[in-house]
Amino acid sequence: MEQGQADVRMPIAIIGLGGIGRAHLLHALASAHVRPVAVADPAPAAQVFARTHGVPWFADHRELLDRTRAQAAIVATPNGAHVGVGLDCIARGLVVLVEKPIADTVAEARRLCDAAAAANLPVLVGHQRRHSPYVRRARQLIDDGVIGRPVSIVAMATWLKPDPYFETEWRRSPGGGPVLINLIHDIDMLRHLVGDVASVQASTSSAIRGFAVEDTAAVILRFANGALGTVAGSDAAVAPWNYDLAAGEAAHYPQQHVDAMFISGTEGSMTLPRLSVWRYRGARGWHEPLSEERTAVHRYDPYLEQLRHLRAVVEGAEAPLCSGIDGLRTLAATRAVLDAADSGRPVVPGA
Ligand SMILES: NC(=O)c1ccc[n+]([C@@H]2O[C@H](COP(=O)([O-])OP(=O)(O)OC[C@H]3O[C@@H](n4cnc5c(N)ncnc54)[C@H](O)[C@@H]3O)[C@@H](O)[C@H]2O)c1
């Protein structure tokens, strides 16, 4: 910014400065729309990181909220603290962007959404894939009827987490596995593209690592519109078929040039993230030739776009792309995967 110019970027706070909180801070420092006024995280390493980047640090988020003038807060603490911290922000009139999952439980998520509604404040949930140029274009193609009515969906979320990842205890315990950490992103993406999930069947396995938490999951989703989908997920397989690897939108994942999601409809099919669309140009039917068309999109960073959107929501110019209630429904569908695997029966999310 030039000297003498007023800083028009919206002041935000970042609470929780671990892996993703630091990424949010770096994005906020690079953003033309928001600026980080302060961060809160009791960890000494967080204090050092904040100082390195010249951003005021607080050990306690309540002190930050009372002593700074942020208009919105990003809550990037461990899942169990999302609701408590989020409620403190809402009590002080801040719009909250809470990382996924919105809460540990659907009941807790409801508590946060109710408090925000009572305060007439929007809540956003950090399902950043909704801001991806690939997902945005896919949604537009579906809304335009290019593939017709969705019929059958296959999503893959297979990759290998390195051994040191599991040195942290909670990652070996129930709740810390690929279903609630990773598949929740795929389920949110499918809810965004295909529609609400009506029921879930699933099986999980911990046969490879032998931890208390699953390392592999096979999921059948029945969507409210009648479409059926399968999601295959594992963090113990050497494989590239995972949206995050395929899209290469986060710098820490080397991009693999593959597709990870296949959506088939009554008029055509589509892959993600490469956005191949398959359709008949003339006569229809399995003996006829199918044409493939690729859509190229302008690449941009979904996390940076999410910050632009956060400001637009605070200013009332846009509605949340992933609202608190949306995040709650995604959490309900994801928890239903674990419940269905435990019971061996179909589960209606949130029921
Ligand atoms: N959207 C994404 O791409 C994405 C990616 C990774 C993680 N996440 C989510 O972000 C959240 C954080 O994950 P992470 O991997 O950064 O975890 P992490 O363990 O690396 O960091 C969490 C940080 O929060 C701090 N903390 C704990 N309690 C706090 C409190 N009450 N107030 C302030 N700070 C507190 C800890 O000291 C730690 O530094 C989780 O909910 C996770 O699911 C989202």
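Reader: How do strands β9 and β10 pair, parallel or antiparallel?

Author: Two strands pair if DSSP finds at least two bridges between them. Strands, numbered from the N terminus like helices, are DSSP runs of E with at least two residues, while helices are runs of H or I with at least four. Here β9 (residues 216-223) pairs with β10 in the antiparallel sense, over seven bridges. Within this pairing, Val219 stands opposite Val231 of β10. The hairpin of β9 and β10 has four residues between the strands, and Gly226 takes a positive phi near 95° there. This is a predicted model: local features need pLDDT of at least 70, side-chain atom pairs count only at pLDDT 80 or more, and totals for chains, interfaces and linings use all residues. Residues are numbered from 1 along each chain as its sequence is written, and side-chain values use heavy atoms, with hydrogens and water left out.

Reader: Which way does β7 run relative to β10?

Author: Strand β7 (residues 150-158) and β10 (residues 228-234) run parallel and are joined by seven bridges. Ala155 has Val231 as its bridge partner in β10.

Reader: What span does α10 reach, and what is expected?

Author: The expected span of a helix is 1.5 Å times one less than its number of residues. With 20 residues, α10 reaches 28 Å from its first C-alpha to its last, close to the 28 Å expected. Just after α10, Gly344 takes a positive phi of about 75°.

Reader: Is Arg345 buried or exposed?

Author: Buried means under 20% relative accessible area, exposed over 50%, and partly exposed in between (1.4 Å probe, protein chains only). Arg345 is exposed, because its relative accessible area is 57%. Arg345 is found in the segment after α10 (324-343). Contact means heavy atoms within 4.5 Å; not counting residues up to four places away in sequence, Arg345 touches Val200 and Ala340.

Reader: And Arg311, buried or exposed?

Author: Arg311, in helix α9 (residues 302-314), is buried, because its relative accessible area is 15%. Leaving aside neighbours within four places in sequence, its contacts are Val8, Arg9, Met10, His33 and Val34.

Reader: Which residues come nearest to the ligand?

Author: A residue is near a molecule or strand if one of its heavy atoms lies within 4 Å of it. Of the 22 residues around the ligand, the nearest are Asp41, Asn79, Lys100, Gln128 and Tyr303.

Reader: How far is the side chain of Glu99 from a nitrogen atom of the ligand?

Author: An N or O atom in the Glu99 side chain is 2.9 Å from a nitrogen atom of the ligand.

How values were computed. Polar contact = N/O pair within 3.5 Å; in protein donor to acceptor, adjacent residues only side chain to side chain.
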